[in-house]
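Please keep the sequence and the structure in view while reading.

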Amino acid sequence: MESPHRQSDVSAAAPSNVESVPRTGNGNGHGFVPLVTVVGFHHARGPEVESWFGVEEGTDPAVDNEWPLLPFMALSDGAHVSTEDFSYFTLLRPARGSVPATSLFGISCTRQMDASQLLNRPADVTRSTVQKAVVVIADSPQFFGMLRERLGVVTKAWFAQREFSDTEILRRFQESLQEEKERGEGLADEDREEYLGMSLRELVREFKSQTLVLFKCCLLQPKMLFFGSRCERLCMMQFSLISLIPGLIRNLQDCADPDLDNYEKHLVKPASLKSSDRNSLLTYMGLPLQIFGKGSLFGPYTPLQQLDILADYGTKSYIVGSTNSLLLQQKDRYSDILINLDNSTINVTSSSLRAALALSVADRRWIDFITQSVNDTWDETNPGRPKTMGYVGSEEFIRLQFEEYLLSLISAVKCRNYMNHHAHNPKMLPQVEGDPSHDFGVDWIEAWSRSENYRIWDRYTDSHLFDIVEPKHPCAGGLTIDDVQKRMMEQVKEFHLDERFAVGKEVLGRNLQAGKEKAGTVFNKLYADMEAFRETQRRKHEEAKREAERNGTPVPSLGFAAPDLNGARQTVQSVGSKAGAYIGSWGTWMGEKRKTGWGRSTSSSTPNPRKEKENVALPVRNVRIEKSPEPIPEAVRPRTQESYEENLFDAEAGAGHSSSALKKSAVHPPPHPSKFHESIDEPIAVPAAAADEVGQSSKKWEDSSPRKEDADSRAKAVAEAVEAATAAPISP
């Protein structure tokens, strides 16, 4: 049940963010007094608390508040490698009586010096260096930027004394912090000094478009693990990231332990709005989005001794940082997303989270604009300030751009919810086209609607927020060619292609030079071997020449003998004559074929060729040969299993005889070399039965083959072609 007084405050006068929730981070007003303590490193016992300032004599807040890990948080792992380093951490202050449990925030400055420089070296200082940390514990981190500078100066001055037993400067430093707290200094200027030291320009410069990925990842409340070798940079990156949510730095009272839930208990739903007041507008829109509520944890620097709370069942989400590389080996167990600041990489180990964090086209267009603004105004000598000294690209510019993005996001989601609730009436919002939340990523919207901070925001905000802020992405619209060109240019810059090409060119040049030297060495060796061989041959020739002169024999020639041109000419002539004889014999045979009508028989002019063909014998072909070998007896003529005899160029296959007669032999005679020409001295008598078989075969061939009418013209054309090929006339 909310208090009536609280409700009246919100309803009456344009409520601000600091009115709807406690203005200070600890949730119990201004009752906590800042404390100062010294943590030293003992060679045998390790880090330990040495002294306290701002407490009653004989009390130890570390024991009273159960802070056994305070020394390990103050002296970070790897702090010994640098002269000065800062650590930021959170502490749980238990409940006492009517004061509820809350979160406290610590900042430590660690320095080291050579033990030999001490004026009075204690007996327990056995190492060559002395390492100590001066720690300030406060109830809010919003002034840590200014406090960091003061703490660094005080710690350096204390070390410059070279006498650690003199702690007057530390006592006076704590008293000054207490006086400022009692007078309430800085409360009126909290917005102006809130983000000192949290460089958003460096964050955008380093992670570019991934900055928006990290911002949207925070709202999904996964287990985020930051890693870096420098503790101060590690912590400030986390503070810079959460500071992008307006008002969250002032409302971290539940971030030190997953069991804390004071924020929602004191939260009320705003009932009025003063549009001219920025804090009133942010409060009415439901900001800040409380990502550190029940089940969540924030530890800018978390030592290994605190891993048990990360693995606890009640810890659902957190944002923590570590400088110990051992945690990288168990990243799958302790993180859904790992941000490595040493190599500027982001590793999303959860597949569902990876899908939800995919940026939309409008998201990429928006973050590319901010990234380009920072790159165009980047100054290496002063990274926190644009080189143009203008507004674009400045810290305030980046912060307000993210604020506009967040307001547009929650307005679009409220519009989406309203449209889904009134889906039966599509004309309820005619000025809105489609679902405006799609430009922020459909998967991300679905994942965010399941988060704890969404539940709180949706419960304590009005359903018509889209009437206050336009429900539209700042860079809404489809993909254009300009988006593609800008994205390609950014990727070229991200991949450092020019540098890679330069390195590749240098490597290629070295390889080419080495290859050239090796090739030169090989060719030189080959040339030397050839020269040595030639010299050896010359010496052998000279010895053979002297030996021939002594013996009176012809002197041998040096090198290869000249080709025999006469022998080659005779070989060519012999081959030509043989070829001419072969062509001539072919021409003679063609002339004989033309003279006999290309195989025509005398019976081709009979009126009934098919009937007479049955009683006529096969024609006799007389072929003239140039060389007449001894005649081969009929019984021993070479035959194949299926030999064919055809009348070439005879188109009239059925006029006098068959075009092809099949002769089968049951027994194969011994092979005999074939002749180009065969001599047939007399006709061969064919039995009647064989003639009858040939006639039937010819009839079947005639029935199955098409008739050809131009046999004479084709024969003449073939003869002309052969005559042209042989370049010798074929006599008729």
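With which residue does Arg-538 form a salt bridge? The partner of Arg-538 is Glu-542, and the closest N and O atoms of the two are 2.3 Å apart; a salt bridge here is a side-chain nitrogen of Lys or Arg within 4 Å of a carboxyl oxygen of Asp or Glu. Because Arg-538 and Glu-542 are 4 residues apart in helix α21 (residues 497-551), about one helical turn separates them.

The model is predicted, so local features need pLDDT of at least 70 and side-chain atom pairs count only at pLDDT 80 or more, while totals for chains, interfaces and linings use all residues. Residues are numbered from 1 along each chain as its sequence is written, and side-chain values use heavy atoms, with hydrogens and water left out.

**Salt bridges**

By the rule given above, the count comes to 25 salt bridges. Three of them are set out here, with the relative accessible area of each residue; buried means under 20%, exposed over 50%, and partly exposed in between (1.4 Å probe, protein chains only). Helices (H or I, at least four residues) and strands (E, at least two) are DSSP runs, numbered from the N terminus.

| Lys-414 and Asp-458 | 2.9 Å | Lys-414, 4%, buried | Asp-458, 31%, partly exposed |

The salt bridge between Lys-414 and Asp-458 links distant parts of the chain, with Lys-414 in helix α17 (residues 395-421) and Asp-458 in helix α19, 44 residues apart.

A search of the whole structure finds 9 cavities of 30 Å³ or more. On a 1 Å grid over the protein atoms alone, a cavity is a set of points where a 1.4 Å probe fits but cannot get out, whereas a pocket is an open set with protein on both sides within 12 Å along at least five of seven lines; lining residues have an atom within 4 Å of a point.

The largest cavity has a volume of about 120 Å³, and of the 16 residues that line this cavity, the closest to its centre are Tyr-263, Leu-267, Gly-286, Leu-287 and Pro-288. Helix α19 (residues 452-459) gives the largest share of the lining, 3 residues. By class, the lining of the largest cavity has 10 nonpolar residues, 6 polar and no charged.

The second largest pocket has a volume of about 730 Å³, and among its 38 lining residues the closest to the centre are Gly-40, Phe-41, His-42, Val-130 and Gln-131. The strands β1 (35-42), β2 (46-53) and β5 (129-138) each supply at least two residues of this lining, which divides into 15 nonpolar, 15 polar and 8 charged residues. In these classes Ala, Val, Leu, Ile, Met, Phe, Trp, Tyr, Cys and Pro count as nonpolar, Asp, Glu, Lys and Arg as charged, and the others, Gly among them, as polar.

Methods
Grid points are joined across faces, edges and corners, and a volume is the space filled by probe spheres set on the points.
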